[in-house]
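Dear colleague,

Please find below the structure that I am handing over to you. My findings follow it.

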Amino acid sequence: MKENNAPKTIRLSEYRAPDYLIDETHLDVRIFSDYTDVTAQLHIRKNTQTAVATSLELVGADLELLEIKVNAEPVPESLYSIADETLTMNNVPGQFILTLVTRIDPKRNTSLEGLYVSKGMYCTQCEAEGFRKITYYLDRPDVMARFTTRIEADKSSYPVLLSNGNPVEKGDLDAGRHFVKWEDPFKKPCYLFALVAGDLSVVEDRFVTSSGREVSLQIFVEPQDLDKCDHAMDSLKRSMKWDENVYGREYDLDIYMIVAVSHFNMGAMENKGLNIFNTSCVLASAETTTDAGFQRVESVIAHEYFHNWSGNRVTCRDWFQLSLKEGFTVFRDQQFSADMGSETVNRIDDVNFLKTVQFAEDSGPMSHPIRPDSYIEINNFYTTTVYEKGAEVVRMIRRLVGVDGFRKGSDLYFERHDGQAVTCDDFVQAMEDANQIDLSQFRLWYSQSGTPCLQVSSEFSASSETFTLTFKQETPATPGQPEKKPLHIPVAIGLVDSTGNDLPLELEGGTRIDPDNPVLELKQPTETFVFRNIKEKPVASLLRGFSAPVRLQYPQSREALAFLMAHDRDGFNRWSASQQLVVSVLEDMIAGFQNNESVQPDSVLVDAFRTLLTDSSLDLAMVAKMLELPTEQFLAELLPKPTQVDAIHQSREALKQALASSLSTEMTSVLDRYPLHTEYHYRDQDVSERSLRNTCMYYLMSLEQDDVVERCLNQFKQACNMTDQLSAFKALVHSSRSEKSQVIEQFYQRWSNESLVVDQWFMVQASAPQADTLERVKELMNHTAFDMTSPNKIRALIGAFCNNNPVNFHNEDGSGYAFLADQIIALNKLNPQVASRMAVIMTRWANFDQARAGLIKQQLSRVQSEPLSPDVYEVVTKALK
Ligand code: 0A1
Ligand code: ZN
């Protein structure tokens with residue numbers, strides 16, 4: 001671990017092409033019980049395009065160098081030096097074979113980068129810079145080599161030995177050992193290297209590509225999970241087909257392997273031909289996985305598969321370009337999920353996430369553009385900005401060039417850059433070249449951070465029959481960017497007449513707006529659009545489908561919102577109107593709370609919700625979404641600062657109860673209309689029914705009346721699937737009913753052997769609003785099922801408490817902050833990546849009142865006084881700047 005002597009800042013402006021290239025990488029990995037030896041044979045050549053240096057600098061971390069040879073000759077110690085994670089060699093030839101033997105200790109590697117052991121299985125994680133923990137290398141994505149990998153291990157403990165590409169040789173060795181040799185025909189950067197050794201079972205299937213090649217599909221899991229692979233396999237086949245149909249992309253190897261591991265820092269990893277997945281993103285069964293879990297598996301399987309083209313065939317030149325592969329691939333997986341289910345519901349979920357998490361990130365001290373210009377630790381930049389805002393930027397390009405234009409652009413991009421390591425600018429250039437358009441102002445979305453605020457005003461003139469919309473855009477200053485330029489913003493709109501129809505849009509001057517894609521393109525700080533032939537005052541529906549990642553400020557009356565909620569042609573904006581209506585009612589209640597008055601919710605909202613619950617012509621999935629109250633975190637992000645933690649919580653609870661009591665008849669009849677399913681199917685209708693029933697149950701449980709509690713207990717006992725069981729479990733545990741301790745015990749007894757269900761058990765308890773939750777969380781950290789080396793467990797218990805339990809985490813006595821700081825300090829040594837993710841929570845101190853802000857900063861300073869990993873160092877230093 002590098003310690004507090006201010007780790008170096010890496011800058012995009014200082015990018016230089018590599019002086020040396022590696023054409024071939026031959027690895028021989030010999031796994032022994034106490035250590036692993038890696039022999040790397042690297043075919044190195046000077047990069048004639050750029051090279052000035054005659055010394056070669058390789059990077060490595062936590063390695064013991066046992067041997068070093070150039071063209072089979074040992075290198076004398078005087079000709080190389082090792083210092084601070086580098087191996088420098090002077091006077092190397094223009095082309096040569098470098099042989100290195102390094103010894104590593106995977107069993108003691110708790111960082112989960114490089115080669116490590118998860119539940120007895122060896123596996124790797126090399127993105128972004130984990131390969132340097134395996135051997136000294138040019139660990140940068142613009143160095144691409146062809147790899148062969150020979151793995152050797154004890155046969156009975158590690159019968160399965162996997163790496164990228166195709167197996168080309170295998171055999172038995174002395175002393176019960178065996179080996180397998182793999183060859184990957186595609187050159188790749190080392191971050192896509194992977195290796196697995198374990199005792200795994202496999203589920204197999206096949207896929208025939210559009211050109212008729214047969215691909216063998218294999219999912220490797222622990223034997224007890226064999227029955228939980230069907231959904232992942234099915235999702236994989238649908239992803240392969242979809243990428244052929246929608247992007248014309250075919251799979252390129254004979255095998256596609258997925259391995260599930262329980263200890264994993266992220267969701268999954270797209271290593272060429274050998275994806276490694278967090279078990280939570282691959283395993284699914286009716287009994288153990290919720291509908292949301294099924295959805296997550298489908299989208300992560302798709303995401304990693306799509307990387308085969310957007311990431312692997314065409315990769316990133318440097319890590320500043322991360323959004324080139326991640327923004328584009330998230331966009332692709334979002335499109336896929338939309339095509340597999342409800343486009344609108346998927347869009348709502350994605351936007352909700354963006355507005356809750358990314359908007360918060362972009363207004364805090366870690367704010368950065370989707371293409372950052374500097375970093376200390378690249379692992380800190382796997383963010384919602386790079387991923388989700390990056391996807392929004394790609395989505396806007398598609399909106400600007402149209403669906404066909406976008407396909408032309410992506411075809412050109414893949415064709416032009418296949419086998420290369422390129423930049424975000426190359427992607428935009430391909431879109432421009434394929435469509436002959438100018439995206440020069442649009443490029444600012446890549447370099448400018450912060451969420452633009454879009455203020456809109458409107459005016460109807462009956463006499464001139466015009467409707468005028470004025471847009472004013474402004475992006476607030478962010479760290480390192482005091483001045484902002486106006487962005488190119490596509491705003492999809494409709495003007496809705498009193499019967500709910502969209503009016504034809506014609507601007508003064510005669511320009512007609514395409515009725516199939518009605519978009520206004522903003523480029524100036526202020527722009528005005530005058531629509532003519534508008535005979536009655538319309539209701540404006542703005543930013544349909546959330547056409548740009550901006551904060552829209554357009555004050556509309558509650559009646560107008562209720563009208564849009566019922567009539568907007570755009571499903572996303574129907575939902576958005578319902579949320580705005582709820583927020584506006586909550587604002588009244590919060591103000592009341594602060595004056596010690598109890599405010600009843602406006603009848604406009606109660607009536608609108610009644611319609612949702614009773615109108616049988618409405619789409620069930622949409623009804624369920626619209627009835628969901630915004631989370632406290634969403635509200636905290638949206639409402640003025642300092643965040644009124646308690647007022648938000650109490651008012652939201654009060655609103656929930658008021659709605660439950662005014663609409664209890666309608667909600668109870670939903671429970672009757674959609675009784676528990678006796679068989680589980682993951683299909684739209686069933687998912688919507690469960691979602692609506694459980695939402696109503698959640699409202700009704702807030703009243704804590706005996707009949708509902710009885711119903712909830714029955715659902716807990718009788719549910720045939722995890723969605724229904726967990727909903728009932730959560731409603732009970734978050735109530736103040738005495739039955740809950742028994743339910744907590746029963747749930748654990750039933751599921752103690754299912755690690756992913758135990759995660760849910762931790763999560764529900766950690767997010768309980770009751771005042772004793774922190775004590776309970778501390779107790780649970782001593783539970784046999786808790787494991788401080790497992791990121792899933794840490795996220796489920798510590799993460800859920802700090803992220804999903806605002807009233808308790810932000811307790812004004814500071815106990816939540818002190819608890820989090822203790823965990824960051826402990827994790828900093830074990831797993832810097834996870835520690836730094838936890839530290840990010842503390843960067844939001846400026847959003848809170850002085851007392852809380854002071855307490856958070858005190859804890860940040862306490863963390864800062866420790867010897868820190870670069871990961872935590874960067875976050876804490878930026879937070880305290
Ligand atoms: N590229 C993967 C995400 C990933 C990133 C970093 C990791 O370890 C530090 C692991 C996975 C994806 O986008 O799915
Ligand atoms: Zn990705």
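Two residues are said to be in contact if their C-beta atoms, placed from the backbone, lie within 7 Å. Please bear in mind that this is a predicted model.

By that criterion, and leaving aside neighbours within four places in sequence, R690 is in contact with D291, T723 and D724. R690 belongs to helix α15, which covers residues 684-701. It counts as buried because it has 22 C-beta neighbours inside 10 Å, the threshold for a buried residue being 20 or more. The C-alpha atoms of R690 and Y674 are separated by 7.7 Å, and the two residues are 16 apart along the chain.

The largest nonpolar core comprises 245 residues, and V259, M838 and A839 have the most contacts inside it. Beyond its neighbours within four places in sequence, V259 is in contact with C123, L162, V196, F220, L274, I276 and F277. In soluble globular proteins, nonpolar side chains tend to be buried together.

Ligand 1 is surrounded by 14 residues, of which Q125, E127, N265, M266 and M269 are the closest. By class, the shell holds four nonpolar, six polar and four charged residues.

Finally, helix α3 runs over residues 322-340 and has 19 residues. From its first C-alpha to its last it reaches 27 Å, close to the 27 Å expected at 1.5 Å a residue. Of its 19 residues, 16 are buried, so α3 is largely enclosed by the rest of the structure.

With kind regards

Methods: Residues are numbered from 1 along each chain as its sequence is written. Chains are lettered from A and ligands numbered from 1 in the order in which they are written. This is a predicted model: local features need pLDDT of at least 70, side-chain atom pairs count only at pLDDT 80 or more; totals for chains, interfaces and linings use all residues. Helices (H or I, at least four residues) and strands (E, at least two) are DSSP runs, numbered from the N terminus. The expected span of a helix is 1.5 Å times one less than its number of residues. A residue is buried if 20 or more other C-beta atoms lie within 10 Å of its own, exposed if 12 or fewer, and partly exposed in between; C-beta atoms are placed from the backbone. A residue is near a molecule or strand if its C-beta atom, placed from the backbone, lies within 6 Å of it. Ala, Val, Leu, Ile, Met, Phe, Trp, Tyr, Cys and Pro count as nonpolar, Asp, Glu, Lys and Arg as charged, and the others, Gly among them, as polar. A nonpolar core is a set of buried Ala, Val, Leu, Ile, Met, Phe, Trp, Tyr and Cys residues joined through C-beta atoms within 7 Å.
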